[in-house]
Amino acid sequence: MKIEPLHLGDAFPMQLLLQADPSEEMVKKYIHRGKCFVSKVDDQIVGVYILLPTRLGTAEIVNISVMESFQGKGIGKHLIHHAITYAKSQGYKTIEIGTGNSSIGQLALYQKSGFRITGVDRDFFIRHYNEEIVENGIVCCDMIRLAQEL
(Lines give C-alpha, C1' and ligand atoms only; values in the text may rest on other atoms or scores of the structure.)
Protein backbone atom coordinates (compact mmCIF):
# COMPACT_ATOMS: atom_id res chain seq x y z
CA MET A 1 0.00 0.00 0.00
CA LYS A 2 1.21 3.47 -0.82
CA ILE A 3 -0.16 6.93 0.00
CA GLU A 4 0.38 9.75 -2.48
CA PRO A 5 -1.11 13.12 -3.32
CA LEU A 6 -3.86 13.14 -5.91
CA HIS A 7 -2.22 14.45 -9.06
CA LEU A 8 -3.38 17.69 -10.67
CA GLY A 9 -6.01 16.86 -13.25
CA ASP A 10 -6.90 13.48 -11.73
CA ALA A 11 -10.55 13.01 -10.84
CA PHE A 12 -11.42 13.06 -7.17
CA PRO A 13 -12.58 9.65 -5.90
CA MET A 14 -16.10 10.98 -5.26
CA GLN A 15 -17.65 7.62 -4.43
CA LEU A 16 -15.15 7.18 -1.58
CA LEU A 17 -15.49 10.78 -0.41
CA LEU A 18 -19.29 10.46 -0.37
CA GLN A 19 -18.98 7.31 1.73
CA ALA A 20 -17.59 9.50 4.54
CA ASP A 21 -19.67 12.60 3.80
CA PRO A 22 -23.01 11.83 2.12
CA SER A 23 -23.59 15.42 0.94
CA GLU A 24 -22.13 15.96 -2.52
CA GLU A 25 -22.78 19.69 -2.05
CA MET A 26 -20.66 19.77 1.12
CA VAL A 27 -17.85 17.73 -0.46
CA LYS A 28 -17.73 20.02 -3.50
CA LYS A 29 -17.35 23.01 -1.14
CA TYR A 30 -14.05 21.75 0.26
CA ILE A 31 -12.38 19.38 -2.22
CA HIS A 32 -10.58 22.12 -4.13
CA ARG A 33 -9.52 24.06 -1.02
CA GLY A 34 -7.56 21.23 0.59
CA LYS A 35 -4.83 18.75 -0.26
CA CYS A 36 -6.12 15.32 -1.31
CA PHE A 37 -4.14 12.14 -0.67
CA VAL A 38 -5.07 8.67 -1.87
CA SER A 39 -4.08 5.23 -0.67
CA LYS A 40 -3.48 2.68 -3.41
CA VAL A 41 -3.22 -1.09 -3.46
CA ASP A 42 -2.09 -2.45 -6.83
CA ASP A 43 -2.81 0.97 -8.42
CA GLN A 44 -6.42 0.89 -7.19
CA ILE A 45 -7.54 3.76 -4.94
CA VAL A 46 -8.78 2.17 -1.71
CA GLY A 47 -8.59 5.15 0.66
CA VAL A 48 -8.60 8.93 0.63
CA TYR A 49 -8.28 11.93 2.92
CA ILE A 50 -8.44 15.66 2.45
CA LEU A 51 -6.41 18.00 4.66
CA LEU A 52 -7.67 21.57 4.72
CA PRO A 53 -5.93 24.60 6.26
CA THR A 54 -8.54 26.19 8.53
CA ARG A 55 -6.71 28.98 10.36
CA LEU A 56 -3.16 30.03 11.15
CA GLY A 57 -1.19 26.97 12.28
CA THR A 58 -4.16 24.60 12.04
CA ALA A 59 -5.25 22.03 9.47
CA GLU A 60 -8.28 19.75 9.54
CA ILE A 61 -8.86 16.31 8.08
CA VAL A 62 -12.23 17.18 6.55
CA ASN A 63 -12.82 13.80 4.90
CA ILE A 64 -11.26 10.39 5.35
CA SER A 65 -12.61 7.19 3.86
CA VAL A 66 -11.57 3.62 3.10
CA MET A 67 -13.32 1.38 0.58
CA GLU A 68 -15.59 -0.99 2.48
CA SER A 69 -13.87 -4.15 1.21
CA PHE A 70 -10.53 -2.83 2.56
CA GLN A 71 -11.76 -1.69 5.97
CA GLY A 72 -10.30 -3.37 9.04
CA LYS A 73 -6.86 -3.75 7.43
CA GLY A 74 -5.19 -0.69 9.02
CA ILE A 75 -5.53 1.59 5.99
CA GLY A 76 -7.51 4.23 7.89
CA LYS A 77 -4.87 4.23 10.63
CA HIS A 78 -2.13 4.69 8.02
CA LEU A 79 -4.05 7.56 6.39
CA ILE A 80 -4.43 9.33 9.74
CA HIS A 81 -0.75 8.92 10.59
CA HIS A 82 0.18 10.14 7.11
CA ALA A 83 -1.99 13.23 7.62
CA ILE A 84 -0.33 13.92 10.98
CA THR A 85 3.17 13.53 9.52
CA TYR A 86 2.33 15.66 6.49
CA ALA A 87 0.75 18.40 8.63
CA LYS A 88 3.88 18.50 10.83
CA SER A 89 6.12 18.72 7.74
CA GLN A 90 4.10 21.71 6.54
CA GLY A 91 4.59 23.55 9.84
CA TYR A 92 1.09 23.15 11.27
CA LYS A 93 0.91 23.22 15.06
CA THR A 94 -2.52 21.60 15.41
CA ILE A 95 -4.46 19.03 13.42
CA GLU A 96 -8.21 18.64 13.86
CA ILE A 97 -10.87 16.17 12.81
CA GLY A 98 -14.60 15.92 13.34
CA THR A 99 -17.00 13.02 13.26
CA GLY A 100 -20.61 12.29 13.96
CA ASN A 101 -21.86 11.26 17.38
CA SER A 102 -22.95 7.98 15.76
CA SER A 103 -19.51 7.18 14.28
CA ILE A 104 -18.38 4.94 17.12
CA GLY A 105 -15.55 3.16 15.27
CA GLN A 106 -14.12 6.38 13.87
CA LEU A 107 -14.25 8.07 17.26
CA ALA A 108 -12.25 5.20 18.77
CA LEU A 109 -9.72 5.24 15.91
CA TYR A 110 -9.13 8.99 16.20
CA GLN A 111 -8.55 8.78 19.95
CA LYS A 112 -6.20 5.80 19.52
CA SER A 113 -4.29 7.99 17.04
CA GLY A 114 -3.73 10.71 19.65
CA PHE A 115 -6.68 13.03 19.07
CA ARG A 116 -8.55 14.44 22.07
CA ILE A 117 -12.16 15.60 22.16
CA THR A 118 -12.29 19.39 22.20
CA GLY A 119 -15.99 20.03 21.83
CA VAL A 120 -19.37 19.19 20.40
CA ASP A 121 -21.11 21.15 17.64
CA ARG A 122 -24.69 20.37 18.63
CA ASP A 123 -27.12 19.67 15.77
CA PHE A 124 -24.40 20.16 13.11
CA PHE A 125 -25.76 17.38 10.91
CA ILE A 126 -29.35 18.52 11.35
CA ARG A 127 -28.40 22.07 10.28
CA HIS A 128 -26.17 21.12 7.32
CA TYR A 129 -27.69 17.95 5.86
CA ASN A 130 -31.11 17.59 4.27
CA GLU A 131 -31.47 13.86 4.90
CA GLU A 132 -31.25 12.10 8.22
CA ILE A 133 -28.05 10.09 8.77
CA VAL A 134 -28.33 6.91 10.84
CA GLU A 135 -25.24 4.94 11.77
CA ASN A 136 -24.88 2.06 14.22
CA GLY A 137 -28.61 2.46 14.93
CA ILE A 138 -28.00 6.02 16.17
CA VAL A 139 -29.28 9.20 14.53
CA CYS A 140 -26.29 11.39 13.68
CA CYS A 141 -27.04 14.85 15.08
CA ASP A 142 -23.87 16.27 16.61
CA MET A 143 -20.32 16.80 15.34
CA ILE A 144 -17.71 15.58 17.82
CA ARG A 145 -14.63 17.81 17.38
CA LEU A 146 -11.16 16.41 18.14
CA ALA A 147 -7.66 17.87 17.91
CA GLN A 148 -4.04 16.95 18.38
CA GLU A 149 -1.14 19.28 19.08
CA LEU A 150 1.75 18.63 16.74
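Asp 42 counts as exposed, at 77% relative accessibility; exposed denotes a relative accessible area over 50%, buried under 20%, and partly exposed in between, with a 1.4 Å probe and protein chains only. The residue lies in the loop between β2 (35-41) and β3 (44-55), where helices (H or I, at least four residues) and strands (E, at least two) are DSSP runs numbered from the N terminus. Although Asp 42 is not a glycine, its phi is positive, at about 50 degrees.

The structure is a predicted model, in which local features need pLDDT of at least 70 and side-chain atom pairs count only at pLDDT 80 or more, while totals for chains, interfaces and linings use all residues. Residues are numbered from 1 along each chain as its sequence is written, and side-chain values use heavy atoms, with hydrogens and water left out.

Five helices and nine strands are found in the chain. Their order along the sequence is β-α-α-β-β-β-α-β-α-β-α-β-β-β. The radius of gyration of the chain is 15 Å, close to the 15 Å given by the globule rule for 150 residues, so the chain is as compact as a globular protein of that length. This radius is taken over C-alpha atoms, and the rule is 2.2 Å times the number of residues to the power 0.38. The C-alpha trace spans about 35 × 30 × 30 Å along its principal axes.

Of the 150 residues in the chain, 42% are buried. Contacts (heavy atoms within 4.5 Å) were examined between residues at least 6 apart in sequence, and 64% of these join residues at least 24 apart.

The chain carries 16 positive and 17 negative charges, whose mean positions are 8 Å apart. Lys and Arg count as positive and Asp and Glu as negative, whereas His and the chain ends are not counted. Each charge is placed at NZ of Lys, CZ of Arg, CG of Asp or CD of Glu.

Asp 123 is located in the loop between β6 (116-121) and α5 (124-128), and is partly exposed, with a relative accessible area of 33%.

Within strand β2 lies Ser 39, which is buried at 0% relative accessibility. Leaving aside residues up to four places away in sequence, Ser 39 touches several residues, among them Met 1, Lys 2, Ile 3, Ile 75 and Leu 79. Gln 44, Ile 45, Val 46 and Gly 47 are also among the residues touched by Ser 39.

His 7 occupies the loop between β1 (2-5) and α1 (14-20) and is partly exposed, at 44% relative accessibility. A distance of 9.7 Å separates the C-alpha atoms of His 7 and Val 38, which are 31 residues apart along the chain.

Zero disulfides were found in a search of the whole structure, a disulfide being a pair of cysteine sulfur atoms within 2.5 Å. For Cys 140, the closest cysteine sulfur is that of Cys 141, at 6.9 Å, too far for a bond. Cys 140 is buried, at 6% relative accessibility. Cys 36 is likewise buried, with a relative accessibility of 6%.
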